[in-house]
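Trainee: I'm new to this one. Please walk me through it, beginning with the backbone and then moving on to the ligand.

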Amino acid sequence: MSTDVLTVHAATNPAHTTWVIQPQGSLQGRTTIPGDKSISHRALMLGALASGKTTIQGLLLGEDPRSTANCFRALGAQISELNSEQVQIQGIGLGQLQEPTGVLDAGNSGTTLRLMLGILASHPDRVFTVTGDTSLCSRPMARVVTPLQQMGAQIWGRQSDTLAPLAIRGQHLQPIHYHSPIASAQVKSCLMFAGLMTVGQTTITEPALSRDHSERMFAAFGADIAVDPDTYSVTVTGPAQLQGQAIVVPGDISSAAFWLVAAAIVPGSDVWIKNVGVNPTRTGVLDILEQMGAEMTLANPRTVAGEPVADIHIRHSQLQSTVISGAVIPRLIDEIPILAVAALFAKGVTVIRDAAELRVKESDRLTAMATQLQKMGAQITEQPDGLEIQGNASLKGAAVDSFGDHRVGMSLAIAALKATGITTIHRAQAAAISYPNFVSTLQQLWQS
Ligand code: S3P
């Protein structure tokens, strides 16, 4: 029988909701998860830039893709009302973006802002202004502005052009070979988008492989793209001719990760998660959970619209501590908050290193997770680039805060499933950024 493991309360400020979690049970059954956020953004952007019609099945209906859709509507693309059945886009055609009358608002979405910058900077003779919410306006933009300026882009913003709001005067850009100091799919994809409109070869080399959804989808839309897997390099030869496509978005492994960890740590749990994107550049979370001793199997592997997909079965088991560092970090960058929760219930001390990037996500995720889990009684030490987490934790319910960060809020909710007493999570509405039906899925899976 399902119970109200999680109840949602409106706070005094109507924009804020609080989750109250009172666990006593386990997770059972099967579920599907919402569409992949990274793939949803790219499908909307390429569909908007292509000639002809694009259809998207399984689009994530979170706030981040809504920000992308609204920006590209303002730039002239005809995008139907968003739904998970079938979104229709009538593309503008590459190079045909309109100068919008207002400011383009990327909301909370770093992917929207950074990828769009490459597109805007390479559209000559038009001026654009872009902004975001308080979190996004404090996140570093130099990582994309600097290489775009090397291509000849004209971009202005606060603090020497490193912070949004930004103003862009589109230019004919010059192709470059950019050696990125960080493995970041947002940096890579920004420059790939700039390369679409730039005559010649734009190459990006990364220190480690980041997610490759752009590479796969650029090829599907007909862009001239070459990947060198040995050097983690990708080359886009422009100008491109993009043709609208039918895209099917798989479930987001970053959202599946909450149920994978919940089932692994809550005794008696047994869960199937259907239709999960298992692109190898994203499956670091599966490798680490396996290394920790999770009882997990992948079934029914298949390829859907160029992306690998599988169903995942996971059951509770005693986890062991591990070290999470090095080349796996970009493959699980968004899953570190929830893996920190898994580590609390493993035997031994888990060490997370090489993850300083977490300090410049939607919140400082290292500080957010360490301080909020400490309130619940966890022993976690924050390091400049990671966390040290004492396992075998006994958590007590407490009042904690999401920091306005979707992944922090949902990770704390999973930790609360293992706490004694009641946990309240403030600013929990942030979950709608990437997982609008997180609460109903938890209520559906929870059996007391
Ligand atoms: C994303 C890339 C990652 C990830 C983000 C989505 C993307 O960011 O954290 O949630 O869609 O390209 P970085 O490229 O900054 O690591």
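Trainee: Where is the place of Pro165?
Mentor: Bear in mind that this is a predicted model, where local features need pLDDT of at least 70, side-chain atom pairs count only at pLDDT 80 or more, and totals for chains, interfaces and linings use all residues. Residues are numbered from 1 along each chain as its sequence is written, and side-chain values use heavy atoms, leaving out hydrogens and water. Helices (H or I, at least four residues) and strands (E, at least two) are DSSP runs, numbered from the N terminus. Pro165 belongs to strand 10 (residues 163–169).

Trainee: Is the peptide bond from Ala164 to Pro165 cis or trans?
Mentor: Most peptide bonds are trans. Between Ala164 and Pro165, though, omega is near 0°, and the bond is cis.

Trainee: Which residues does the other cis bond, with omega about 0°, join?
Mentor: Look in the loop between strand 14 (233–238) and strand 15 (246–248), where Pro239 sits. The cis bond there joins Gly238 and Pro239.

Trainee: What is the phi of Asn300?
Mentor: Most residues other than glycine have a negative phi. Asn300, in strand 17 (residues 295–304), isn't a glycine, yet its phi is positive, about 55°.

Trainee: On to the ligand: how far is a polar side-chain atom of Asp334 from one of its oxygen atoms?
Mentor: A polar contact is a pair of N or O atoms within 3.5 Å; within protein, one must be able to donate a hydrogen and the other to accept it, and residues adjacent in sequence count only if both atoms are side-chain atoms. Backbone atoms also reach ligand oxygens, at 3.0 Å for Ala185 and 2.9 Å for Gln186. For the Asp334 side chain, the distance is 2.7 Å.

Trainee: How much of the ligand does the protein bury?
Mentor: Accessible areas come from the Shrake-Rupley method with a 1.4 Å probe; for residues, only the protein chains shown count as cover. Taken alone, the ligand exposes 380 Å², and the buried share is 95%.
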